[in-house]
Amino acid sequence: MAAIEILDLEKSYLVGFWRKRPKLALRPLRLTIEEGEVFGFLGPNGAGKTTTLKLLMGLVFPTAGTARILGMDMDDPRVKSQIGFLPEQPYFYDHLSARELLNYYGQLSGVPPKGRSARVEQMLARVGLSDSAGVQLRKFSKGMLQRVGLAQAILHDPKLVFLDEPMSGLDPMGRREVRDMIQQLRCEGKTVFFSTHILSDAEALCDRVGIIHQGELRGVGAVAELTSQTQGKVEIIFCAQGVPADLTSLGAEARVSGDMVNAVLPEERQDAALEVLRRERLKLISLTPVRSSLEEYYIQKLRPAENRKGVGV
Amino acid sequence: MNSRIGYIAFNTFREAVRDRVLYNLIAFALLLSGTAILVGEISIDIERLVVVNLGLTAVSLFGVVIAIFIGIGLVSKEMDKRTLYTVLSRPVRRWEFVVGKFFGLTGTLVVNTFLMAIGVFLSLLYVAHKFEKMDAWVLVALYFIVLQFLIVCALALFFSSFSTPLMSAVFTFALFVIGSLAEDLRGFARITHGFGGWIATAVAYLVPNFSALNVISQVAHGDPVPGRLILYNSVYALLYSAMAISGAVLIFQRRNLK
Amino acid sequence: MSATRRVNLVAIAVLSFSMAGAMATLCAIDHIRRGSVGQEALYLRSSKVLRRLSLGYTGLLADIYWTRAVQYFGEQHHNGSGDFRLLAPLLEVTTELDPRLLPAYQFGANFLAPKPPSGAGLPGSALSLMKYGVEHNPDQWRLYYNLGFLYYTEFKDYAKAADAFAQGAKLPVTNAFMPILAAQMAQHAGEFDTARMLWFTTYQSTKEAQIRQNAVEHLLALQVDEDVTRLEQVVEKYRAQTGRLPASMSDLERAGFIHGTPADPKGRPYKLMPDGRIEVQNPESIFFITKGLPPGAAPPQPPREARPDSK
């Protein structure tokens, strides 16, 4: 059974003060996420990631379309007790302590009173907040709030966890911890749907990624496949006004930007390429193995829109 | 009773108390005890009158300001700071949130009024040295004031279900002022004719009737309040609040949270 | 969707039920508190206190009190209670809050002095209200007029009435009738003409519906009183000439004393009684008349059900 089945979910807002016109925030989106999968929702800021999450949480209502979550209709009240949600840059009741907040959320989620406080302590320990559990949240740092946010999202042991930009605003240590926690959720067999604009996070964690831009899903791919595609390639950057013909004949994909050229070619032709540069007396800037194919994929998926935009005007 | 409503109500109450909303009590206590002492010194024979008039008016005004302040503040804060996201992504229906908030807010106001009422009776004791039978009517006046807060709270919730905090405060306060003149307004409506008269009558009956809930000067003079008025006022306040709350629920049900 | 729809339906049901219930309760509350608009005036007689309570918005508060006064009078009149105790304090508070609120004085002059049920029967209060008004608005001929009117109708004090009219007549903005009224007061001349001029001036100088209606009714009554007086003089003249009473109006017409059949302002012919008196056909239809009534009948008053403001 699919954990999430998004069936042409669509959202447009009315903008403008006097004559309101609809602005499309999310074009009809169709996407299926399997149970036990860690899915990364990638896109630049304002691409429609948060809108999608808010639609699924029932915080905003779709203009058209629907979704099924854990086999139930997204409006079904029973769905809510089986999902956890961490909003972007979470903020909680200032005057509660972390313990009180989790206890309150436990009550709202229907965690039975019997094991509730034990469960709360367990969660506090898991996110490393046991020592400051009695401190009011207004004294918490951003990173600590993010941890509280994670704790509340998994407090009631949901099957499916939605995380909106879980790593944003965190220091490297914090990001590491959040990564570990998502890994752990995967091990526990939970489905994780998280949005991010940081590619390395997605690459490290996700089974699959979806790329969204300007409210439109541009592509979905398995991370393992994407990375295998470009394994064993190198990227050479050098100064030149154009691409030498010899280099092209080596099978390099080259791009000119200003007086620099960026060429990608298979690893085994690396020496031949450097020989060409020496012969042509071109200045080499760098030579790096291409690791992140996700980035390539990402940029490739975003680019058509830019072109389209240019033509459309 | 739905337990989630209770949890939300309790959390609202706890937040209001911790947000030092009840600090107004200090200002209130200072004002009242200062007046009681001053009045005890200078106004012979009408000490009781002045203390009751001033005390109850202060309870009412302080309370209304607090009611608007927390009624709108605590709701709009939930939306602004997006704490609402983490509440509504749980098995909490939107109507439960609205109703729970309402109960939490009224609970806060009842406690607030209770403490202020103690202040009023203490200063009454200070100037009169004893309680009289007619002081019981002061309790009725206080009860009516609590009913006023019920309506103000419900209105504050109603307006903040679709409007900005500032506009909600303005609307609610405006309705409080208009409602305090409700009987005059109905008087106007009665002597207006034609289409304008229809509109005026509709408006006059739709605005909350705070004037019947204000018996301060009556009880200051020790006049009794008819039992039927107590009954009808209670029914009215409950129905009016229910009306505003169900309006708030209807709007909030279809609101897209920003 | 169905859960949401169910909540919506319940909310709509609660909304309509509670709205209807609240309105119904409001009507019940109004019923209990009938006449309570003026109640505060009982407690807050001191306009100084009110002035402070108003936080400087005395104009608004005066307007509110003014409507309360009008409403109170209308309501008591409508109920037929004839109890207008609060009218004087309400008007006093109104005018003390805003001493330049002229309609309040005119209202007071017309309805404070007359005896119940058409007024509060407090000529003393009316007089002090008018004096206060003249003191604070020395440039308003209408107030002098009202003062003179009061002296004339309620106190029969011609000298003071003449004085008031004369003072009003000297103002830069005044009414053409004022000097004439002053003169007439001085010589107690022409009862009917004076009264007619008085009521006519009242009618002219206000926009207040209740006052205008009252003035119209008095003018009609004056017309009847004057007609009856003149007709009875004619009958007297006829008897002096012929030595007997006329048997009918046509006797008078044949003798050349009158032309056509005289009728009252409502168009009903006057009745010639066997003893030579003139009577109106329907005494109840014209209020305030003092003549043309059956022997011993009291001057008819406006019926209690008639809302004075319903004109």
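Is Glu41(B) buried or exposed? At 60% relative accessibility, Glu41(B) counts as exposed, where buried means under 20% relative accessible area, exposed over 50% and partly exposed in between (1.4 Å probe, protein chains only). The residue is placed in helix α2 (residues 24-42) of chain B; helices (H or I, at least four residues) and strands (E, at least two) are DSSP runs numbered from the N terminus.

The model is predicted, with local features needing pLDDT of at least 70 and side-chain atom pairs counting only at pLDDT 80 or more, whereas totals for chains, interfaces and linings use all residues. Residues are numbered from 1 along each chain as its sequence is written, chains are lettered from A and ligands numbered from 1 in the order in which they are written, and side-chain values use heavy atoms, with hydrogens and water left out.

Chain A contains 10 helices and 14 strands, and its C-alpha trace spans about 75 × 50 × 40 Å along the principal axes. Of its 313 residues, 48% are buried. A contact is defined by heavy atoms within 4.5 Å; among contacts in chain A between residues at least 6 apart in sequence, 67% join residues at least 24 apart.

The domain assignment divides chain A into domain 1 (2-227) and domain 2 (230-312), with bounds that come from an automatic or database assignment. The C-alpha centres of these two domains lie 37 Å apart.

In soluble globular proteins, nonpolar side chains tend to be buried together. A nonpolar core is here a set of buried Ala, Val, Leu, Ile, Met, Phe, Trp, Tyr and Cys residues joined through side-chain atoms within 4.5 Å. The largest such core has 165 residues, and those with the most contacts inside it are Ile4(A), Leu56(A), Tyr105(A), Phe162(A), Phe193(A) and Leu56(B). Its largest share, 17 residues, is contributed by helix α6 (residues 135-160) of chain B. At least three residues of this core come from each of domain 1 and domain 2 of chain A. Leaving aside neighbours within four places in sequence, the contacts of Phe162(A) include Ile4(A), Leu53(A), Leu56(A), Met57(A) and Phe193(A). A second, separate core of 57 residues includes Val70(C), Phe107(C), Phe111(C) and Trp141(C).

Most residues other than glycine have a negative phi. In chain A, Leu70(A) has a positive phi, near 55°, and is found in the loop between β4 (64-69) and β5 (72-73). Leu70(A) counts as buried because its relative accessibility is 9%. Gln214(A) likewise has a positive phi, near 50°, and lies in the loop between β9 (208-213) and β10 (216-222). With a relative accessibility of 34%, Gln214(A) counts as partly exposed.

Chain C has 13 helices and 2 strands, and 50% of its 311 residues count as buried. Among the contacts in chain C with a separation of 6 or more, 53% are between residues 24 or more positions apart. The accessible surface of chain C comes to about 15,000 Å², of which 56% belongs to carbon and sulfur atoms.

Terms used: Areas by Shrake-Rupley, 256 points an atom, 1.4 Å probe, with all protein chains shown as cover.
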